[in-house]
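Please look at the sequence and the 3D structure shown below before reading on.

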Amino acid sequence: MFVEASVSGQQEFIPDESNNQFLMPEGLIGLPDFKRFQLIVDPESLPFVVLHSLEGDSIQIPALEPVGFVENYKLNINDEDAELLGLKGQDSNPLILNVATIKSFEPQKVTLNLAAPIIINRRNRVGKQVLLTNYQDYSTAHVLIDETA
């Protein structure tokens with residue numbers, strides 16, 4: 001199934017206490033035991049958001065919606081992932097987040113994992129970190145900010 005990243009930006013997502021939690025039945029890649037998350041949006045930290053685990057050791061993962069930051073980002077996911085997420089057709093409008101790695105604060109260097117985005121169905125709040133079928137087209141360390149150069 002083809003998912004276009006720009007779809008995510010067409011509907012503003014403002015999480016509140018009624019819709020900021022979601023389930024990732026398979027956990028994150030490399031962290032399968034973390035399945036329940038809360039999406040934290042701090043206006044002072046935008047465009048970054050934080051995925052906060054609601055079970056086990058508390059982990060916080062910075063992430064970013066790619067719209068406006070990554071041009072021509074075309075996500076191809078397999079049919080099994082689309083089915084697990086409940087995505088059907090072009091009107092699915094999932095929330096797409098890319099995990100950010102902050103390599104240094106001063107000077108600032110931040111990279112994004114474009115090969116394995118987190119895709120969340122906005123309607124049922126089920127998510128999955130998906131290895132794209134076209135992962136070879138993208139980096140796991142796409143440079144977003146580099147003040148070190």
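## A lysine and its partners

Lysine 128 counts as buried, with 12% relative accessibility, where buried means under 20% relative accessible area, exposed means over 50%, and partly exposed lies in between (1.4 Å probe, protein chains only). This is a predicted model, in which local features need pLDDT of at least 70 and side-chain atom pairs count only at pLDDT 80 or more, while totals for chains, interfaces and linings use all residues. Residues are numbered from 1 along each chain as its sequence is written, and side-chain values use heavy atoms, with hydrogens and water left out.

**Salt bridges**

- Side chains of opposite charge can pair when their charged atoms come close.
- A search of the whole structure finds 2 salt bridges, a salt bridge being a side-chain nitrogen of Lys or Arg within 4 Å of a carboxyl oxygen of Asp or Glu.
- Glutamate 26 forms one of them with lysine 128, and the closest N and O atoms of this pair are 3.1 Å apart.
- This pair links distant parts of the chain, since glutamate 26 sits in the loop between β2 (21-23) and β3 and lysine 128 in strand β10, 102 residues apart.
- Aspartate 81 also forms a salt bridge with lysine 128, with the closest N and O atoms 2.4 Å apart.
- Here too distant parts of the chain are linked, with aspartate 81 in helix α2 and lysine 128 in strand β10, 47 residues apart.
- Which residues are linked in a network of salt bridges? They are Glu26, Asp81 and Lys128.
- Is aspartate 81 buried or exposed? Aspartate 81 counts as buried at 6% relative accessibility, whereas glutamate 26 is partly exposed, with a relative accessible area of 41%.

**Overall build**

- The secondary structure of the protein comes to 2 helices and 11 strands; helices (H or I, at least four residues) and strands (E, at least two) are DSSP runs, numbered from the N terminus.
- Read from the N terminus on, the elements follow the order β-α-β-β-β-β-β-α-β-β-β-β-β.
- Of the 149 residues in the protein, 40% are buried.
- Among the contacts with a separation of 6 or more, 60% are between residues 24 or more positions apart, where contact means heavy atoms within 4.5 Å.
- The protein exposes about 8,300 Å², of which carbon and sulfur atoms supply 49%; accessible areas come from the Shrake-Rupley method with a 1.4 Å probe, and for residues only the protein chains shown count as cover.

**Nonpolar cores and a surface patch**

- A nonpolar core is a set of buried Ala, Val, Leu, Ile, Met, Phe, Trp, Tyr and Cys residues joined through side-chain atoms within 4.5 Å.
- The largest nonpolar core has 19 residues, and those with the most contacts inside it are Tyr73, Ile77 and Ile119.
- At least two residues of this core come from each of α2 (79-85), β7 (95-104) and β8 (109-112).
- Another core, of 15 residues, lies apart from it, and includes Met24, Leu28, Val49 and Leu97.
- On the surface, Ile29, Leu131 and Tyr135 form a nonpolar patch with about 310 Å² of accessible area together; patches are made of residues with over 30% relative accessible area and no salt bridge, like charges being joined within 9 Å and nonpolar side chains (Val, Leu, Ile, Met, Phe, Trp, Tyr) within 5 Å.
- Tyrosine 135 lies in the loop between β10 (127-129) and β11 (142-146), and at 43% relative accessibility tyrosine 135 counts as partly exposed.

**A buried asparagine**

- Asparagine 98 is found in strand β7, and at 0% relative accessibility asparagine 98 counts as buried.
- Its side chain makes a polar contact of 2.9 Å with the side chain of tyrosine 73; a polar contact is a pair of N or O atoms within 3.5 Å, and within protein one must be able to donate a hydrogen and the other to accept it, while residues adjacent in sequence count only if both atoms are side-chain atoms.
- Leaving out residues up to four places away in sequence, asparagine 98 touches several residues, among them Pro62, Leu64, Tyr73 and Leu112.

**Backbone features**

- Most residues other than glycine have a negative phi, and most peptide bonds are trans.
- The peptide bond from leucine 46 to proline 47 is cis, with omega near 15°, and proline 47 lies in the loop between β3 (36-40) and β4 (48-53).
- Asparagine 72, although not a glycine, has a positive phi of about 55°, and asparagine 72 is exposed, with a relative accessible area of 63%.
- Arginine 125 has a positive phi near 55°, and lies in the loop between β9 (118-120) and β10.
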